Amino acid sequence: MAHRVLITGGSGFVGANLCIGLAERHPDWEIVAFDNLKRRGSELNLPRLRAAGVRFVHGDVRSPGDLTALAKVDAIVECSAEPSALAGVHDSPDYLVQSNLFGAYHCLELARRDSAQVVFISTSRVYPYGALDALPFREAETRFELTDAAGVAEDFPLEGARTLYGATKLAAEHLVTDYAAVLGIPTVINRCGVIAGPWQMGKVDQGVFTYWVLAHQTRRPLSYIGYGGVGKQVRDLIHVDDVVDLIDRQLGAPEEWAGRLVNVGGGREISLSLAETTALCRELTGNEVPVGVAGSDRPGDVRVYLTDASRLYALTDWRPQRDAADTLEDIARWVRDNEALVVSALAGS
């Protein structure tokens with residue numbers, strides 16, 4: 001049972017919500033948020049962390065000395081990452097590789113030092129986009145639908161390109177798996193689809209649902225990119241609070257979850273196309289913004305991604321408790337309450 005938990009990327013979207021959620025559930029635990037504050041908006045979480053009694057450490061997973069300077073920990077939740085699917089496309093991939101791969105390695109070395117549990121937050125981007133787009137589909141009124149599969153399971157073929165972001169996360173997964181096998185470290189890998197909810201600093205290349213809500217709230221124009229420019233591409237989503245609930249369970253039973261690799265996402269039941277998201281955002285904000293068509297298909301784009309979480313559901317009675325409308329409503333409420341702060345943090349990002 002974890003008593004001193006280190007959350008890397010602890011001032012980011014998932015990390016900060018996880019820190020606060022764990023602190024509320026376990027007042028006897030010491031929760032340490034570790035973050036380099038590189039991402040715009042992450043500084044907005046510092047007062048929230050402080051109010052929840054979470055200790056903040058300014059450090060960087062790229063620097064092993066920053067991690068080894070910490071006192072012994074019982075568990076590490078590796079939430080730190082450069083999460084953009086476009087990272088390294090128009091600039092150097094150095095930060096991406098150093099953060100996502102070497103950062104994970106440095107966290108694993110800390111786990112080796114302390115014999116600590118590791119919960120690794122991975123991504124559905126480990127699945128090759130070419131193979132995903134080759135899945136049979138049909139075009140419905142508001143979305144593309146898969147015709148032969150409920151979603152993507154963990155045994156989906158991994159041959160092919162997956163974006164540099166996906167490549168670094170898959171490489172880190174392999175390290176996690178081997179550290180567990182060789183050293184007996186209790187590890188669990190969560191391959192997450194889109195995680196959404198309040199306090200996400202959404203951008204066009206990451207955090208798309210928050211980005212869409214924010215654009216409607218602030219009356220900024222949007223564009224459908226690729227796939228005919230009609231907004232029918234689909235993602236499943238999961239509320240960050242549901243992810244916190246799952247990780248809390250995993251931290252509470254390290255041996256039960258040891259060696260597990262599971263897909264985590266909303267599946268067909270909790271999914272939206274961009275067009276459906278637009279309609280929901282109009283309803284939630286009362287604003288209608290122009291949605292144009294921009295460019296053609298981009299390398300790395302995916303027509304449909306839906307999670308098959310059957311493996312996870314066979315292990316636990318945990319299930320997502322918030323649907324897509326609940327999640328977007330929570331985001332819209334947060335944006336309304338914090339609009340000036342959020343717009344200021346994202347200006348120029």
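Hi everyone, let's start in the middle of this predicted model: its largest nonpolar core has 38 residues, and those with the most contacts inside it are V5, I7, I31, V77 and L251. Helix 1, residues 13-25, gives the largest share of this core, with eight residues.

Have a look at V77 in the viewer.

Now for some helix packing. Two packed helices are described by the distance between their axes and the angle between them. Our pair is helix 7, residues 208-217, and helix 10, residues 274-285; their axes come within 9 Å and cross at roughly 45 degrees. An angle between 35 and 65 degrees counts as oblique, so helix 7 and helix 10 are oblique to each other. Their crossing is right-handed.

Who makes that contact? On helix 7 you'll find V208, F209, W212, V213, H216 and Q217, while helix 10 brings L274, T277, T278, C281, R282 and T285. By type, the residues of this contact are six nonpolar, five polar and one charged.

Last stop, a loop residue: A309 sits between strand 15 (304-305) and helix 11 (310-315). Is A309 buried or exposed? Its relative accessibility is 6%, so A309 counts as buried. Thanks, everyone!

Terms used. Residues are numbered from 1 along each chain as its sequence is written. This is a predicted model: local features need pLDDT of at least 70, side-chain atom pairs count only at pLDDT 80 or more; totals for chains, interfaces and linings use all residues. Side-chain values use heavy atoms; hydrogens and water are left out. A nonpolar core is a set of buried Ala, Val, Leu, Ile, Met, Phe, Trp, Tyr and Cys residues joined through side-chain atoms within 4.5 Å. Buried means under 20% relative accessible area, exposed over 50%, partly exposed in between (1.4 Å probe, protein chains only). Helices (H or I, at least four residues) and strands (E, at least two) are DSSP runs, numbered from the N terminus. Axes are lines fitted to C-alpha atoms, for helices over the stretch in contact, and angles run from 0 to 180 degrees between N-to-C directions. Angles under 35 degrees count as roughly parallel, over 145 as roughly antiparallel, 65 to 115 as roughly perpendicular and the rest as oblique. A crossing is left-handed if the near helix is turned anticlockwise from the far one by less than a right angle, and right-handed if clockwise. Contact means heavy atoms within 4.5 Å. Ala, Val, Leu, Ile, Met, Phe, Trp, Tyr, Cys and Pro count as nonpolar, Asp, Glu, Lys and Arg as charged, and the others, Gly among them, as polar.
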